[in-house]
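Try each task before reading its solution.

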Amino acid sequence: LDIHYSDTWADPSSQILPASWSDCTTIEKKADKVYSYTKEVLQTLKDAGAKPDFVQVGNETTDGMIGIKVFPYDYASNDWTGLTKVFSYGCKAVREVCPDAKIIIHTERSGVPGQTVYYYNKLKDAKVDYDIIGLSYYPIWHNTVATLETAIKTLESKYTDKDIMIVETGAAYSWLP
């Protein structure tokens, strides 16, 4: 299950706070909303007999989520504290409702291994509780399979307690003239 926390598709350039969450003007309110929404979604699925084995808290969150901005560099305007708090609250809801589910945190910079490591270091520093590093890989944007291999090997060496999955991918089925 990939929870987008969005009114529309959530990709790196579209991480906008849902309109019905407009009263969430602080990090605490955003974190509480992610917690309650995640818990509600998972409980609804569980009650219907559709308990997920994997839950992805956010989609392609490299640049942030629900209006919280980060970028994998040290810019003064980054809010890593806010983003990691929101992740922690979402992950807490998953652990409470679906304790056997594996939690994925998903980024899309597999073509830039250094930025990907920087991002997951921020999560590690904040002790975000998740199980799987989720990556997007699109050859058109993320370079060669060799670059992906470098990213995966680097992540494997630095985060030995995490599994790594390609959770979003695609390639052209034909070349256009």
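**Exercise 1. How many disulfides are there?**

Solution. Take a disulfide as a pair of cysteine sulfur atoms within 2.5 Å. By this rule the count is zero. Start with C91: its nearest cysteine sulfur belongs to C98 and lies 13 Å away, and C91 is in no disulfide. Then turn to C98, whose closest cysteine sulfur, in C91, is 13 Å off and therefore too far for a bond. Next, check accessibility, where buried means under 20% relative accessible area (1.4 Å probe, protein chains only). C91 counts as buried because its relative accessibility is 1%, and C98 is buried with a relative accessible area of 1%.

A word on the source: this is a predicted model, in which local features need pLDDT of at least 70 and side-chain atom pairs pLDDT 80 or more, while totals for chains, interfaces and linings use all residues. Residues are numbered from 1 along each chain as its sequence is written, and side-chain values use heavy atoms, leaving out hydrogens and water.

**Exercise 2. Find where H4 sits and what H4 is in contact with.**

Solution. At 16% relative accessibility, H4 counts as buried. Now list contacts, meaning heavy atoms within 4.5 Å: beyond neighbours within four places in sequence, H4 touches W9, A10 and N59. The H4 side chain reaches the backbone nitrogen of A10 at 3.3 Å.

**Exercise 3. Which elements do the buried residues of α3 pack against?**

Solution. Buried residues in α3 include V117, Y120 and L123. The buried residues of α3 pack against α2 (80-97), β5 (102-107), β6 (132-137) and α5 (145-158).

Conventions: Buried < 20%, exposed > 50% of the residue type's maximum accessible area, 1.4 Å probe, protein only. Helix = DSSP H or I, 4+ residues; strand = E, 2+ residues; numbered from the N terminus. Polar contact = N/O pair within 3.5 Å; in protein donor to acceptor, adjacent residues only side chain to side chain.
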